[in-house]
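Take a look at the sequence and the 3D structure below. We will walk through them step by step.

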Amino acid sequence: MKLGKIGKLACVTLALSIGFEGVGLAQSRRPASIGSLLEMKCYGKGIFAMNRDGIVINRRPYTAVGLFSVDTSYDGGVSADTPIEVSCDLAGRNRSPMYNTLTMTVGSNERSGVWYSQYSKKLRLTTYIDGRLVDSSEIGFGALKRFSLDINGSRSVAFSVECLKPASYEYCPSLWILEDKLIQ
Amino acid sequence: MKRRDFLKYSAMGGGSLIATVAWQPQPAEAFFFLGLLLRAAGMVLKSGLQSRSQAWWDNRYDAMLAQSRLFDNEFRRVEVAELNNRFYNYIAVGRNNLDVAMSLASNRSTVSTFTSPAAAGVSIAAAYLRGNENFYPEQVQKAILPTLKNQDNIVSWNQPFSSSSYESIASQDGVSMTYRLRKPGRGGYGDLDIVVDADRTIRIPTVRVNFSEYS
C-alpha cells in the first residue's frame with residue numbers, strides 16, 4: 001500500500017496524538033495510604049494546585065504544591081476586601097472517607113511584593129471540618145505554619161484566608177501551600 | 001528592482017509554485033488530516049491548560065512527600081515545644097506517639113533523625129511536667145536538666161535496648177530513660193519509658209516511637 005505524502009503526515013499526526021494520550025495513562029507507584037488534598041475536588045475561587053520550585057520563605061527555597069491567591073500569577077495576593085473561601089471534598093459521592101489525618105504546611109513570602117508587607121500586617125487562615133471551625137490562626141510574612149487535623153470520618157475541609165489590616169494597600173501576599181498530605 | 005531583491009522574490013515565487021503543484025490533497029484526505037490535526041492540538045491544549053497530565057501530578061506528589069519528610073524532621077522540635085496545641089499531635093504525650101524518620105541501608109536499619117531518644121525524652125518530660133503536673137518552668141528545669149558530669153550518657157536509637165539515668169539539679173535519682181526496640185525496620189516501633197524523680201516519682205506514660213514506613 002502506498003501512503004503518499006498526505007498519508008505519511010496523517011500517520012505522524014496520529015502517532016503524536018496517541019503519544020499525548022499515553023502520557024495521561026502513565027501511573028506511578030504511590031503508597032496507597034498517603035494522598036494529597038489538592039488532588040481531591042476543591043470548590044470556590046482561590047486555591048490552585050501547582051508544582052513550582054524556588055519559592056523563598058525566610059530566605060529558604062521550597063517547592064510550592066499549591067497556592068491560596070486571587071490568581072496563579074507569581075504573586076496574585078489575597079484581597080483585603082474579599083477573603084478566599086474554598087472547600088474540598090474528602091470523599092467522593094457515595095464513598096466513605098478514607099483518610100484520618102491532614103497535615104498541611106503553609107507560608108507566605110515576606111519578600112514578594114515588598115509593598116504588601118509594609119502595609120498589610122498578617123494573613124489569617126481559618127480551617128473548618130465538616131463546617132465546624134477547628135482552627136483560626138494568624139500567619140506572619142516569612143513564617144511557616146504546619147498543622148495536623150484529625151479528619152477521621154469527615155467529609156470536607158474548608159479554608160478561609162483573610163488579609164488583615166491593610167493600611168493603604170488592598171492586597172496581602174499569597175499563601176503558598178508546601179504540604180497537603182492526607183494519611184490513612 | 002535591485003538584483004538581490006529580484007533573486008529573493010523569484011525564489012519565493014518558485015518555491016510556492018512547487019509546493020502548490022506537489023501538494024494537492026483530495027477533499028476526503030484533507031478532512032481526515034484536518035480532523036487529526038485538530039485532535040492533536042486539542043489534546044495539547046487540554047493537557048497544558050485544563051487538566052494536567054498524570055505525570056505532572058505524580059511529580060508534584062513526589063515533591064510534596066519529599067518536602068513533607070523534611071518538615072517531619074524540622075517540626076519535630078517545634079511540636080515538642082507546642083504539645084499543648086491540640087493540632088500538633090505527632091509527638092504528644094496524650095497519644096504517646098513519636099514519628100522517627102528511618103532509612104534502610106543494605107538491609108540493616110539505621111535511624112536518621114535530629115532527635116535522640118534522650119533529647120526527645122527530655123522534651124516530652126518537660127512538656128508533661130508542665131502540662132500534667134503543673135510544674136513551674138523553674139521546677140521543670142530543675143527536675144529534668146542533667147548535671148554536667150552526666151552529659152555523655154546518652155540513650156541511642158541504634159541499640160535494641162538502652163537505658164540511662166542521670167542526676168538532675170532537683171534530685172540524685174534525676175531522670176531515667178529506657179528505650180526498647182519492639183519491632184525493627186520500616187513501619188516498626190519502639191517504646192520509650194521516662195521516669196522523673198523530683199519532689200516525688202513521676203512515671204510518664206510510655207511513648208510509642210513509630211518508624212516511618214518510607215525512607
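In strand 6 of chain B, which residue is the bridge partner of B:Val175? Keep that in mind while we set the ground rules.

This is a predicted model, so local features need a pLDDT of at least 70, side-chain atom pairs count only at pLDDT 80 or more, and totals for chains, interfaces and linings use all residues. Residues are numbered from 1 along each chain as its sequence is written, while chains are lettered from A and ligands numbered from 1 in the order in which they are written.

Now the answer. B:Val196 is the bridge partner of B:Val175 in strand 6 of chain B. Strands (E, at least two residues) and helices (H or I, at least four residues) are DSSP runs, numbered from the N terminus. Two strands pair if DSSP finds at least two bridges between them. Strand 5 (residues 175-183) of chain B and strand 6 (residues 189-197) of chain B run antiparallel, joined by eight bridges. Strand 5 of chain B also pairs with strand 4 (residues 161-166) of chain B, in the antiparallel sense, over six bridges. There, B:Tyr166 has B:Val175 as its bridge partner.

Stay with strand 6 of chain B. B:Tyr189 lies in it. Is B:Tyr189 buried or partly exposed? A residue is buried if 20 or more other C-beta atoms lie within 10 Å of its own, exposed if 12 or fewer, and partly exposed in between; the C-beta atoms are placed from the backbone. B:Tyr189 has 17 such atoms within 10 Å, so it is partly exposed. Its C-alpha atom is separated by 6.8 Å from that of B:Arg208, 19 residues apart along the chain.

Step back to chain B as a whole. It has five helices and seven strands. Of its 215 residues, 25% count as buried. Helix 5 (residues 137-144) of chain B has B:Val140, B:Ala143 and B:Ile144 as its buried residues. They cover an arc of only 75 degrees around the axis, which puts them on the same side of helix 5 of chain B. That arc is taken from the directions from the helix axis to the C-beta atoms.

Turn to chain A. Here we find two helices and 13 strands. Of its 184 residues, 33% count as buried. Strand 7 (residues 101-107) of chain A is largely enclosed by the rest of the structure, because six of its seven residues are buried. It pairs in the antiparallel sense with strand 10 (residues 144-150) of chain A over seven bridges. A:Leu102 stands opposite A:Leu149 in that pairing. Strand 7 of chain A also pairs with strand 13 (residues 175-183) of chain A, antiparallel, over seven bridges. In strand 13 of chain A, A:Asp180 is the bridge partner of A:Met104.

Next, the cores. In soluble globular proteins, nonpolar side chains tend to be buried together. A nonpolar core is a set of buried Ala, Val, Leu, Ile, Met, Phe, Trp, Tyr and Cys residues joined through C-beta atoms within 7 Å. The largest has 39 residues, and A:Phe68 and A:Trp176 are among those that touch the most other members. A second, separate core of 22 residues includes B:Tyr166 and B:Val175.

Finally, confidence. The predictor's confidence in each residue is its pLDDT, from 0 to 100. Chain A averages 79. Confidence there is lowest in helix 1 (residues 4-25) of chain A, at a mean of 49, and highest in strand 6 (residues 84-89) of chain A, at 96.
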